[in-house]
Amino acid sequence: MTLARSGSTAPESLQGPAAVEASVAPALEVHQVSLNYGAHQVLHQVSLSVAAGHTTAIVGPSGSGKTSLLRVIAGFLRPDSGEVALHGKQVTKTAAHRRSIGLVSQDGALFPHLSVGRNIAFGLPRRQRTAAAVSDLLDLVSLPAEYARRRPDQLSGGQRQRVSLARAMARQPDIILLDEPFSALDAGLRERTRKAVQKVLRSTGTTALLVTHDQDEALSFAQSVAVLQGGRVQQMGAPERVYQYPVNVATAEFLGEAVVLSATVTAPHRAACVLGEVTLRQAAAEGRAQLLLRPEQLMVVPAREENLGQVLDADYFGHDTTALIRIHGSGETVRVRQLNSAPLRIGDAVGLEVTGTGVAFPG
Ligand SMILES: Nc1ncnc2c1ncn2[C@@H]1O[C@H](COP(=O)(O)OP(=O)(O)OP(=O)(O)O)[C@@H](O)[C@H]1O
């Protein structure tokens, strides 16, 4: 049994997002979708598309509308306006069970009284419910065939999620919706399961949409990231793009730790701030600005007269220390991430140097 579709994009998907996007029609298109719960509007003209064979993550804070959007795509909720299409075919009014969609939820939603094998077989068309097909699906998610006889409560959380993925993939749906599938797992298992799921999706060329509130997960798992805030898509693009070129400070702050300093843009690619002159990676209008840097761009150097600051707080994480530093004179505070060759302590006097480039926003 092979789960790669005929005309699947699996080989191309390994060649990079641009190659696929240029040649393949979107598997999912959401166009101008708005949704209200009574008088409360939770989605505002949301548009996004997912290229066939690609994985896109919708990331946003709690209450931003991620689950609501997923439910509209799955067909559990009808939008007040806008459209949803799968492989170019309108499904906005199609019942959930008639859409070619696989769903993996936070808890896996396995039937506790059925064996793993029967859980997986449930996802297969009736005539294909054979031990061999179940065994192939277990193999796909790197679980031994003997696990078919176990009950879900005899598996670890990560194994349960892999079974849930196998069940969702059994019918080779147009798209797999992953609704916070790793959030119930502890840190190490979460990462391993994430990698395992990513490998299955990419090797089979399966289109997937992941919903998560975890920025790191979104950036590392998906080939494209959509940032949802207040029911609006603020930005969508490749992970490196949205991290490096956020459209506003709120998006930057959501997609990882941000250092925001008052600055003056003195030339299209130059800004002056309390830490000195910084090169801008995209042109900005001259005048007052907010300068965005990331904590990993601030290098702690031995204390000197200029750029002198003091450590206000320090969190030791083993591999590195994150410290809050108040800069003398301006009173501004910055967060730095320092490898633990020389751990920082509260009260230390330090100097700071900026590496790399920043982004300036008017204001
Ligand atoms: N059935 C409902 N009736 C009324 N309001 C709802 C309903 N479901 C969700 N909401 C509201 O809609 C908004 C978006 O909720 P949604 O669950 O889509 O957000 P989310 O981004 O998935 O949040 P979380 O990450 O906490 O799950 C919230 O303000 C929520 O309170």
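**Ligand shell, sheet and helix packing**

Student: Which residues surround the ligand?
Tutor: Tyr37, His40, Val42, Gly60, Ser62, Gly63, Ser64, Gly65, Lys66, Thr67, Ser68 and His213 surround the ligand (near means a C-beta atom, placed from the backbone, within 6 Å). This is a predicted model, where local features need pLDDT of at least 70, side-chain atom pairs count only at pLDDT 80 or more, and totals for chains, interfaces and linings use all residues. Residues are numbered from 1 along each chain as its sequence is written.

Student: Which elements give two or more residues to that shell?
Tutor: Strand E2 (40-51) and H3 do, and H3 gives the most, with three residues. Helices (H or I, at least four residues) and strands (E, at least two) are DSSP runs, numbered from the N terminus.

Student: And by class, what is in the shell around the ligand?
Tutor: Two nonpolar, nine polar and one charged. Ala, Val, Leu, Ile, Met, Phe, Trp, Tyr, Cys and Pro count as nonpolar, Asp, Glu, Lys and Arg as charged, and the others, Gly among them, as polar.

Student: Switching to the sheet. What is the strand order?
Tutor: E6-E7-E8-E3-E9-E10, an open sheet of six strands with mixed pairing (a pair needs at least two DSSP bridges). E6 (101-104) and E10 (232-237) stand at the edges with a single partner strand each, so one side of each has no neighbour in the sheet.

Student: Which helix packs on the sheet?
Tutor: H3 (residues 66-74), touching E3 (55-59), E6, E7 (175-179), E8 (208-212) and E9 (contact means C-beta atoms, placed from the backbone, within 7 Å). The direction of H3 makes about 155° with that of E7; axes are lines fitted to C-alpha atoms, for helices over the stretch in contact, with angles from 0 to 180 degrees between N-to-C directions.

Student: Do E9 and E10 run parallel or antiparallel?
Tutor: Antiparallel, joined by five bridges. Val227 has Gln235 as its bridge partner, and Gln229 has Arg232. Two residues lie between the strands of this hairpin, and Gly230 takes a positive phi near 55°.

Student: How do the axes of H6 and H7 cross?
Tutor: The axes of H6 (residues 157-169) and H7 (residues 187-204) come within 9 Å and cross at roughly 20°. That makes H6 roughly parallel to H7 (angles under 35 degrees count as roughly parallel).

Student: Which residues meet there?
Tutor: Gly157, Gly158, Gln161, Arg162 and Leu165 in H6 meet Leu189, Arg192, Thr193, Ala196, Val197 and Val200 in H7. The residues of this contact divide into five nonpolar, four polar and two charged.

Technical notes:
Contact = placed C-beta atoms within 7 Å. Parallel < 35°, antiparallel > 145°, perpendicular 65-115°, else oblique.
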